[in-house]
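Hi,

Here is the structure I promised to pass on.

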Amino acid sequence: MTTLTLPPLGFAARRMRVLGVVRRDFAALRRSPIRMFEILFWPTVELVLWGFVTLFLQAQKVPFVVSFLLGAVLLWQVLQKASNEISIAFLEDIWSRNLLNVQVSPLSSAEYLTGLVLFSLGKVAFAVTVMAGLALGLYGFGVTSIGVGLVPFMGVLLALGWSLGLVGIAAVLRFGENAQVIAWSLVFVVQPLAGIFYPVSVLPAPLQAVSWFLPASHVFEGMRAVMAGGALPWDRLAWAAGLNVAYLAATLGLFAWALRYARRHGKLSRFGD
């Protein structure tokens, strides 16, 4: 039997360490029916709830409402799950008292985060695929009706969700496990401001100004424009992508600062006590 030794800082070694994080989380997920159930339960409940609401409004002759609301529900799940799944993957290392082991392993922080992001991407893709199938089967709504804008819309929401997840992780590293509520709820602070189920124009003027600095607002406004027969608003997508780059850079810096703080003050060894 031969042993393969790779340069520790080479691409192949980094890829193996990142995939190690993904395989570890997948193994934990596969052995937990409760976690598998949780991935689909809440999104399905939300889809069914809003589906019945849209059917009622459709019966009241409200035009386009079915497509608008179901499209919004599906895209909202992309944002919510991208934020929550990366936070949950990190919190599971705390709950299992494994965070210190991760930190003293050869795994770098960038590789660890990349593994968490890839695993969360797989869970988001699985949940959204199931929801899209349910939306088609129960309400006749095909997510492809959003058109070619579906891919950039989802990309913008995934990046924003990961930024929000990083803020939650940084809060836990800085303030301890009591800050878990931030990791769970931060995405819901965005929900009323992002114009998910209604146009941004219904918000008060000061909140509209805030809303346009949320990449998600441009996605949902763009989705409504496309589904109403308009062109894909590339200008909105470009602005949203620029905001995402700035937010991701800022939140990565925040994560690095919080991790240094936790290491300097010996907090990592106390997580999970």
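Helices α1 and α5 cross in a right-handed way (a crossing is left-handed if the near helix is turned anticlockwise from the far one by less than a right angle, and right-handed if clockwise). Helices here are DSSP runs of H or I with at least four residues, strands are runs of E with at least two, and both are numbered from the N terminus. Please keep in mind that this is a predicted model, in which local features need pLDDT of at least 70 and side-chain atom pairs count only at pLDDT 80 or more, while totals for chains, interfaces and linings use all residues. Residues are numbered from 1 along each chain as its sequence is written, and side-chain values use heavy atoms, with hydrogens and water left out.

Back to that pair: α1 covers residues 11-30, and its axis comes within 8 Å of the axis of α5, at a crossing angle of roughly 45 degrees. That makes α1 oblique to α5. Axes are lines fitted to C-alpha atoms, for helices over the stretch in contact, and angles run from 0 to 180 degrees between N-to-C directions. Angles under 35 degrees count as roughly parallel, over 145 as roughly antiparallel, 65 to 115 as roughly perpendicular and the rest as oblique. Among the residues of α1 that meet α5 are Arg14, Arg17, Arg24 and Asp25, and the α5 side includes Glu111, Tyr112 and Lys123. Contact means heavy atoms within 4.5 Å.

α5 (residues 109-139) also packs against α6, at an angle of about 130 degrees and with the axes 12 Å apart. These two helices are therefore oblique to each other as well, and α5 passes α6 in a right-handed crossing. From α6, the residues Met154, Leu158, Trp162 and Leu166 meet a set in α5 that includes Leu113, Ser120 and Val128. (Buried means under 20% relative accessible area, exposed over 50%, and partly exposed in between, with a 1.4 Å probe and protein chains only.) Leaving aside neighbours within four places in sequence, Ser120 is in contact with Glu85, Ile86 and Trp162.

What about α6 itself? This helix runs over residues 150-175 and has 26 residues, reaching 37 Å from its first C-alpha to its last, close to the 38 Å expected at 1.5 Å a residue (the expected span is 1.5 Å times one less than the number of residues). Since 19 of its 26 residues are buried, α6 is largely enclosed by the rest of the structure. Gly176 follows α6 and has a positive phi, near 95 degrees. Within α6 sits Ala159, buried at 12% relative accessibility. The C-alpha atoms of Ala159 and Asn244 are separated by 6.4 Å, although the two are 85 residues apart along the chain. Beyond its neighbours within four places in sequence, Ala159 is in contact with Asn244 and Leu248.

The loop between α5 and α6 holds Val143, which is buried at 17% relative accessibility. Not counting residues up to four places away in sequence, Val143 touches Leu74, Ala132 and Leu150.

Finally, the unreviewed UniProt entry lists residues 153-174 and 237-259 among its "transmembrane region" spans. In the model, residues 153-174 are 100% helix, with end C-alpha atoms 32 Å apart.

Best wishes

Conventions. UniProt positions renumbered as here; feature names shortened; annotations may be inferred.
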